[in-house]
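Subject: Structure handover

Hello,

Here is the structure I promised to pass on. Please open it first, then read my notes below.

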Amino acid sequence: MTMSVSTPYADVSAAENVTLAVRLSVVVKHVVLIMVLVLFLLPLAWLLLTAFKPYAELFTSPPSVLPINGTLVNFTEGWAIGGGKGIGDSLFVASISTVLCLILGYPAAYALARWFSAHGQLSFTILSLRMMPPIVPVIGFYLLFQELSLFDTYTGLIVVYTFMNLPLVIWLLAEFIRQIPKTYEEAARIDGAPWYRLFWDVLLPLSAPGILTAGILAMIFAWNEFLFALVLTGEKVITLPKALASFFLFQQPNWGQLGAIGIVAIAPLLVLSYYMQRFLIRSFSVGSGGR
Amino acid sequence: MTTIPVQGTALPPATKTSDNRRERRATLFLLGPALTFLAVLSVWPFVYLIYASFTSYQLAIPIPIEWVGVDNFTRMMTNPRFWSSLGITGIFALVAVPLQIVAGLSMALLLNGVTRGREFYASLFLIPMMVAPIVVGFSWNLFLNPIYGPLNNLLKAIGFDPPAWAQSPDWALPTLVVVDTWQWTPFVMIVLLAGLNSIPQRVYEAARVDGSNRWQTFVHIVLPMLFPYMMVAFVLRFIDSFRVFDIIYILTRGGPGTATQNLAYYTYDMGFGRFEFSIAGALSIIQLVLLTGGTMAILSFAKSREKGPVSDSPLPPTVFNASAHTFQGENP
């Protein structure tokens with residue numbers, strides 16, 4: 001990027017000046033970026049600050065920016081009023097459905113990757129299921145769930161989340177498996193390895209990053225999902241988004257408790273965002289260059 | 001889904017019929033469970049949906065269900081609430097999404113200008129799209145709260161008379177557009193950042209040698225090369241714009257009045273607020289048709305404009321061209 005390198009005819013002092021200007025512009029860019037970033041994250045930062053404010057400080061106008069008497073009581077109270085149940089239910093439903101997606105999805109992805117072309121009709125049909133807005137299938141699911149007594153059950157929600165995430169998991173895993181050279185498998189097969197050894201010792205280690213990525217995505221989508229949980233469950237199964245929505249709308253909202261549960265709900269995702277941005281940038285980086 | 005188009009080639013030596021048969025059986029065994037699961041769960045509720053939309057199905061009223069044909073659809077055509085919800089869905093697709101493209105492009109260009117810390121910034125910018133929309137909804141509700149919220153107190157302090165944002169008839173919809181844009185601009189930024197990464201350095205150098213200035217380089221070289229990526233972002237965001245529901249549910253509940261009721265919220269309200277399943281079913285089908293038609297129109301426009309990554313697949317390259325080798329820690 002440095003201009004001093006690409007201008008061979010420039011004399012030394014001019015090059016130094018250019019470098020200085022480049023450096024200065026880089027500093028300016030960083031300052032602008034940090035300012036944009038701070039403004040951008042303000043609503044979430046405010047939520048974080050609110051989570052540590054005691055009750056008396058929540059309803060002052062104008063509000064205090066930093067909590068004056070910081071407290072953790074919102075976290076314990078938030079957990080007790082249903083945040084704990086929400087986190088438990090969400091964790092349970094999201095992990096079981098993710099595991100099911102991977103178990104059902106991996107073999108299908110393998111078959112798609114090895115015996116079908118990359119953008120074939122079958123892959124497209126599978127993925128197009130993922131494109132449907134959830135409000136479209138939800139009416140049918142509701143009627144079906146009433147019929148099969150799946151309404152307000154963990155099983156019902158797990159089935160729906162598996163259905164929701166399976167297409168994406170299959171497509172992602174298929175893309176990963178396509179990158180694994182067939183020669184590894186052929187070598188193992190010539191050595192006489194049975195199919196389960198082939199899977200366990202060759203394919204699984206090689207596709208571990210793909211399984212991890214697909215699993216994380218399925219987990220995030222199930223963790224954040226709201227509409228299906230709202231419509232297809234009642235009082236028994238209460239996932240975290242649903243718990244948050246109901247505290248917010250049907251009770252006098254205690255912002256501190258809401259903030260605390262909200263922070264607990266998003267904390268794991270904040271940790272994952274570093275991994276996810278690398279994944280997203282690389283997966284969209286196609287075309288010229290590497291390929 | 002009954003006929004499976006085998007387009008790829010099999011394993012190299014698979015010319016013998018026994019091999020073919022074994023392979024076909026393996027395919028069935030491997031694909032079978034997942035496809036059966038997906039097929040059952042997409043067809044069965046869909047049959048219910050279509051059935052409901054052509055009958056007088058109402059959950060709360062124990063009258064015999066009658067076949068009413070396309071009645072539910074024609075009733076929608078003359079219903080002003082339907083048209084207003086269609087308009088609000090359109091605003092999300094045609095105002096919020098382009099807004100996100102422009103904002104995402106600016107952010108990507110800004111980020112592309114620095115080399116150090118780019119991944120760090122990108123992961124922080126990505127936070128809003130990772131957060132559950134419900135949490136996004138109420139953190140904005142808290143932020144915009146007319147009495148306790150920081151924004152309005154700040155605006156009052158510097159002499160403005162701010163509206164009650166989500167509760168105001170004029171500002172509720174713009175507020176939702178802003179929140180949606182806030183949440184999803186990072187996604188567009190990531191896609192366009194990948195696009196900018198794909199432009200080789202020598203292209204910029206060649207432009208400089210040819211004497212074009214920064215603006216000319218941007219308009220005549222960078223923008224055209226980014227076009228396929230912009231189309232990818234546009235298509236994916238267009239599809240997602242039909243999903244906008246959670247933030248409406250939390251911030252406005254469709255109100256004030258029907259000011260923020262898009263098709264998804266209207267369908268929800270009809271189905272689960274009033275138990276008019278037949279109307280809700282018809283609305284669902286209308287949405288599906290609009291979404292499919294809109295997506296196909298955008299894709300064919302993209303194909304006619306550019307021979308890029310968009311053109312050789314029915315869908316944009318997106319996540320699915322992820323290459324495993326770059327994943328295992330190699331830097332491009």
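A salt bridge is a side-chain nitrogen of Lys or Arg within 4 Å of a carboxyl oxygen of Asp or Glu. By that rule, the count between chain A and chain B is 1 salt bridge. Please bear in mind that this is a predicted model.

The charged pair

Which side chains meet in that salt bridge? They are A:Arg278 and B:Glu119, at 3.6 Å from N to O. Side chains of opposite charge can pair when their charged atoms come close. A search of the whole structure gives 11 salt bridges over all chains. The pair that crosses between chains runs from helix 14 of chain A, which holds A:Arg278, to helix 4 (residues 118–125) of chain B, which holds B:Glu119.

The interface as a whole

On the chain A side, 114 residues are in contact with 117 residues of chain B. The size of an interface is often given as the accessible area lost when the parts come together. Here the area buried between chain A and chain B is about 10800 Å². Carbon and sulfur atoms give 77% of that area. There are also 10 residue pairs in polar contact between the two chains, both residues at pLDDT 80 or more.

One helix pair to look at

Take helix 7 (residues 135–147) of chain A and helix 13 (residues 277–305) of chain B. Their axes come within 8 Å and cross at roughly 145°. The crossing is left-handed. From helix 7 of chain A, the contact is made by A:Ile135, A:Val136, A:Ile139, A:Tyr142 and A:Leu143. From helix 13 of chain B come B:Phe277, B:Ala280, B:Ser284, B:Gln287 and B:Leu288. How does this contact divide by class? It has 8 nonpolar, 2 polar and no charged residues.

Best wishes

Note on methods
Residues are numbered from 1 along each chain as its sequence is written. Chains are lettered from A and ligands numbered from 1 in the order in which they are written. This is a predicted model: local features need pLDDT of at least 70, side-chain atom pairs count only at pLDDT 80 or more; totals for chains, interfaces and linings use all residues. Side-chain values use heavy atoms; hydrogens and water are left out. Contact means heavy atoms within 4.5 Å. Buried area is the accessible area (1.4 Å probe) that two parts lose on being put together, summed over both. A polar contact is a pair of N or O atoms within 3.5 Å; within protein, one must be able to donate a hydrogen and the other to accept it, and residues adjacent in sequence count only if both atoms are side-chain atoms. Axes are lines fitted to C-alpha atoms, for helices over the stretch in contact, and angles run from 0 to 180 degrees between N-to-C directions. Helices (H or I, at least four residues) and strands (E, at least two) are DSSP runs, numbered from the N terminus. A crossing is left-handed if the near helix is turned anticlockwise from the far one by less than a right angle, and right-handed if clockwise. Ala, Val, Leu, Ile, Met, Phe, Trp, Tyr, Cys and Pro count as nonpolar, Asp, Glu, Lys and Arg as charged, and the others, Gly among them, as polar.
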